[in-house]
Amino acid sequence: MKPIATKGESFGLSATFVLSVADPHQMPPPGTGAIVGLAGRSNVGKSSLINRLTESGGLARTGKRPGATTLPNLYRIYSGGYFLDFPGYGYMNRGQSTKATSQDASTRIVEARPDIRRVLLLVDARRELLPLDMEAARWFQMMSIPVTIVVTKTDTLSRNARDIPRRSWSRWIEEEGGEGIDGPIPVSARTGEGLPELVRHVREVLGEGATGG
Ligand SMILES: Nc1nc2c(ncn2[C@@H]2O[C@H](COP(=O)(O)OP(=O)(O)OP(=O)(O)O)[C@@H](O)[C@H]2O)c(=O)[nH]1
Ligand SMILES: [Mg+2]
């Protein structure tokens, strides 16, 4: 997908690719910058969103086929901090071993790095609340990593349907999500809808705990 370049748009989140992380010891040491993770089902639009947020066009590899990202990819934000693009969960098109390896690396990184500042958990606007997504939110919560639900691809919904996923997720967060789960923030990487709000949120997260690293 080609992001639509918006003239004069500047989010202050320009970034550069650092590496695909196969092992937690390759991660930057704690205290060198806040890490914001992006997680969600395969194909939900994680890499497209990173490209949009970092205003890079093609920094993160995106694809029509699920499983475009097989290891967590680390990006350094020039103004401070990191994005960590986790491989999507729940895809079936790749060999089991690839799937096992990528889920493995993600799990070990999360277990090794409880200092991950927050995870943006992306969910597709066209889907009902899926058990896998709710489980993922609870898992990060259990690992003491705060979560923000980000509803993606809002451009695929008609004007009338736009508000449905936001409302369902709001209700879930209120009733079941509890402490440590924020959002939902509806966005479209295609049209740019909702990005200013998401950027504000990310910048806030990066700025948090400036004394605690
Ligand atoms: N309509 C629409 N399509 C989108 C949007 N964002 C991403 N897509 C499309 O969704 C597909 C998957 O996007 P990716 O960004 O590769 O998804 P991903 O979550 O990184 O996928 P994995 O790396 O497999 O986990 C691509 O075909 C994108 O063009 C959006 O905001 N609107
Ligand atoms: Mg990806």
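This is a predicted model: local features need pLDDT of at least 70, side-chain atom pairs count only at pLDDT 80 or more; totals for chains, interfaces and linings use all residues.
Figure 1. Helix α3 has 12 residues, which at 1.5 Å a residue should span 16 Å; the end C-alpha atoms of α3 are 16 Å apart, so expectation and model agree. Four residues of this helix, D133, A136, A137 and F140, are buried. They lie on the same side of α3, because the arc they cover around the axis is only 100 degrees. Exposed residues are found on the other side of α3, namely P131, E135 and M142.

**Figure 2. Packing partners of α3.** The buried residues of α3 pack against the strands β2, β5, β6 and β7 and against helix α4 (164-177). Just after α3, a positive phi of about 65 degrees occurs at S144.

**Figure 3. Strand order in the open sheet.** Seven strands make up this open sheet, in the order β1-β3-β4-β2-β5-β6-β7, with mixed pairing. The edge strands, β1 (15-20) and β7, each pair on one side only. On average, neighbouring strands of the sheet are turned by 25 degrees against each other, direction ignored. Helix α3 packs on the sheet, where it touches β2, β5, β6 and β7, and the direction of α3 makes about 175 degrees with that of β5. Helix α4 lies across β5, β6 and β7 and runs at about 180 degrees to β7.

**Figure 4. Pairing of β3 with β4.** Strand β3 (residues 73-77) and strand β4 (residues 82-85) are joined by four bridges in the antiparallel sense. Within this pair, R76 has Y82 of β4 as its bridge partner.

**Figure 5. The largest nonpolar core and the surroundings of I149.** This core contains 49 residues, and F83, L121, I149 and V150 have the most contacts inside it. Strand β5 (residues 118-124) supplies the largest share, five residues. Leaving aside residues up to four places away in sequence, I149 touches L121, V123, A137, W169, I173, I181, G183 and P184.

Figure 6. The bond from G183 to P184 is cis, and its omega is near 0 degrees. P184 is placed in strand β7 (residues 181-186). Both G183 and P184 are touched by I149.

**Figure 7. Two non-glycine residues with positive phi.** N43 is a residue other than glycine whose phi is positive, near 80 degrees. N43 sits in the loop between β2 (35-40) and α1 (46-53). With 22 other C-beta atoms within 10 Å, N43 counts as buried, because 20 or more are required. S144, likewise not a glycine, has a positive phi of about 65 degrees and belongs to the loop between α3 (131-142) and β6 (147-152). S144 has 10 other C-beta atoms within 10 Å and is therefore exposed, the limit being 12 or fewer.

**Figure 8. The protein as a whole, for orientation.** The protein has five helices and seven strands, which follow one another from the N terminus as β-β-α-β-β-α-β-α-β-α-β-α. Of its 213 residues, 39% are buried. Among contacts between residues at least 6 apart in sequence, 75% join residues at least 24 apart.

Terms used:
Residues are numbered from 1 along each chain as its sequence is written. Chains are lettered from A and ligands numbered from 1 in the order in which they are written. A nonpolar core is a set of buried Ala, Val, Leu, Ile, Met, Phe, Trp, Tyr and Cys residues joined through C-beta atoms within 7 Å. Two residues are in contact if their C-beta atoms, placed from the backbone, lie within 7 Å. The expected span of a helix is 1.5 Å times one less than its number of residues. The arc is that of the directions from the helix axis to the C-beta atoms. Two strands pair if DSSP finds at least two bridges between them. Axes are lines fitted to C-alpha atoms, for helices over the stretch in contact, and angles run from 0 to 180 degrees between N-to-C directions.
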